[in-house]
Structure formats: structure tokens, C-alpha cells
Amino acid sequence: MAAVKANEVLPNLSQQLEDNLIVLGRAVEAFEQTMNDVEGIVAPDSPTTYQLNQALREITLAGRALQMLAKTLEELTEALIRGRSGDE
């Protein structure tokens, strides 16, 4: 009796296992493709990395310019009203 039941259940389980393996294989392929895409974006020589580095440099320069302006205004408060000493 148990052997008869096993003969009925096993083919169904086998088919489900095969179907799940196919789905798993597709998921692995999609994951690998995604990882390749991510690797291309974050690679040291990628355009995205280059552009991000350029943007960071520009932001750093802008931050330094603002620090210099703040320091100048702190030291020479009247510079905001009168401008630089050579502007007159």
C-alpha cells in the first residue's frame, strides 16, 4: 500500500522539483547579470565613478570657497557693504 502511494506521489514531486530547479536557474542567471551590471557601474574606470569623483571635487572646491568667504566676512565685516579694499 505504501509502495502504491509512493508511485503516485514521486512522479509529481519529481516534476515539481524539476520546475523549481528551472526557476532557480533563471533566478541565478538574473542575479549574475545584475552583479555584472553593478560591477560595471562601480568599477574604478567606469564613467559613473569618474563623474562622481568629478562632482565630489567640485563640491569640495565650492566648500572651500564658502569657508574662505565666511572667514573674510568674519574678519572684515564691512567688506560685505563696501566690497574689497581695491574695488573703490
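The structure described here is a predicted model, for which the mean pLDDT is 87, with 90% of the residues reaching 70 or more. Confidence is highest in helix α2, where the mean is 93, and lowest in helix α3, which spans residues 79–82 and has a mean of 74.

Helix α1 comprises residues 2–42 and includes Met35, a residue that is partly exposed, with a relative accessible area of 39%. Because this value lies between the 20% and 50% limits that separate buried from exposed residues, Met35 is assigned to the partly exposed class. Met35 also contributes to a nonpolar surface patch of about 470 Å², which is made by this residue together with Phe31, Val38, Ile41 and Val42.

Beyond helix α1, the chain passes through the loop between α1 and α2, in which Ser46 is found, and helix α2 itself covers residues 47–75. Ser46 counts as buried, since its relative accessibility is 4% and the buried class is defined as under 20%. The side chain of Ser46 reaches the backbone oxygen of Ile41 at 2.7 Å. When neighbours within four places in sequence are left aside, Ser46 is in contact with Gly40 and Ile41; of this pair, Ile41 is also one of the residues that make the nonpolar patch.

A further polar contact involves Ser46, the side chain of which is paired at 2.9 Å with the side chain of Thr49, a residue placed in helix α2. Thr49 has a relative accessible area of 17% and is therefore buried, the limit for this class being 20%. Apart from its neighbours within four places in sequence, Thr49 is in contact with Ile41, Val42, Ala43 and Pro44, and among these residues Ile41 and Val42 belong to the nonpolar patch.

Methods:
Residues numbered from 1 in each chain as written. Predicted model: local features only at pLDDT ≥ 70, side-chain atom pairs only at ≥ 80, totals over all residues. Heavy atoms only, no water. Patch = residues over 30% accessible without salt bridge, like charges linked within 9 Å, V, L, I, M, F, W, Y side chains within 5 Å. Areas by Shrake-Rupley, 256 points an atom, 1.4 Å probe, with all protein chains shown as cover. Salt bridge = Lys/Arg side-chain N within 4 Å of Asp/Glu carboxyl O. Helix = DSSP H or I, 4+ residues; strand = E, 2+ residues; numbered from the N terminus. Buried < 20%, exposed > 50% of the residue type's maximum accessible area, 1.4 Å probe, protein only. Polar contact = N/O pair within 3.5 Å; in protein donor to acceptor, adjacent residues only side chain to side chain. Contact = heavy atoms within 4.5 Å. pLDDT = per-residue confidence, 0-100.
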